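Dear colleague,

I am passing on the structure below, together with some notes on what was found in it. Please have it open while you read.

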Amino acid sequence: ATYFRARLHMTDRKVAQEAPKDAYLELLKLTKGVDPDDEAAKAMKAEAYQYLVFYYVQKEDFATGLKYANEWNTMDPDDETAKQFKAILENQTGGN
């Protein structure tokens with residue numbers, strides 16, 4: 001339900017919005033103890049991380065965006081999008 005609430009709150013995919021951000025943060029909390037091999041949970045978490053990285057980049061909070069990019073990479077080190085976001089944000093923040 002939290003996953004779908006986050007998606008329903010997104011009215012404009014080009015603008016960072018509070019409601020989906022809050023729902024995606026809640027989703028990450030709820031899925032913290034989920035089996036890492038659960039592909040459905042992994043896909044939902046990847047979407048949450050992607051939105052959070054986007055959100056914080058839009059807000060020019062690159063350090064927080066990098067935090068979520070790092071968590072995303074830890075969860076799925078083979079995800080090319082996660083790798084790209086991480087590299088861009090490391091460059092933007094000097095790796096901090």
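In what order do the elements of the protein chain run from the N terminus on? They run α-α-α-α-α, and the secondary structure comes to five helices and zero strands, where helices (H or I, at least four residues) and strands (E, at least two) are DSSP runs numbered from the N terminus.

Before the details, please note that this is a predicted model, in which local features need pLDDT of at least 70 and side-chain atom pairs count only at pLDDT 80 or more, while totals for chains, interfaces and linings use all residues. Residues are numbered from 1 along each chain as its sequence is written, and side-chain values use heavy atoms, with hydrogens and water left out.

Of the 96 residues in the protein chain, 36% are buried (under 20% relative accessible area, with a 1.4 Å probe and protein chains only). Among the contacts (heavy atoms within 4.5 Å) with a separation of 6 or more, 51% are between residues 24 or more positions apart.

Helix α3 (residues 39-58) packs against helix α4 (residues 62-75) at an angle of about 160°, with axes 8 Å apart (axes are lines fitted to C-alpha atoms over the stretch in contact, and angles run from 0 to 180 degrees between N-to-C directions). The two are therefore roughly antiparallel (an angle over 145 degrees). Their contact includes Tyr 49 and Val 53 of α3 and Tyr 68 and Trp 72 of α4.

Conventions:
Angles under 35 degrees count as roughly parallel, over 145 as roughly antiparallel, 65 to 115 as roughly perpendicular and the rest as oblique. Buried means under 20% relative accessible area, exposed over 50%, partly exposed in between (1.4 Å probe, protein chains only).
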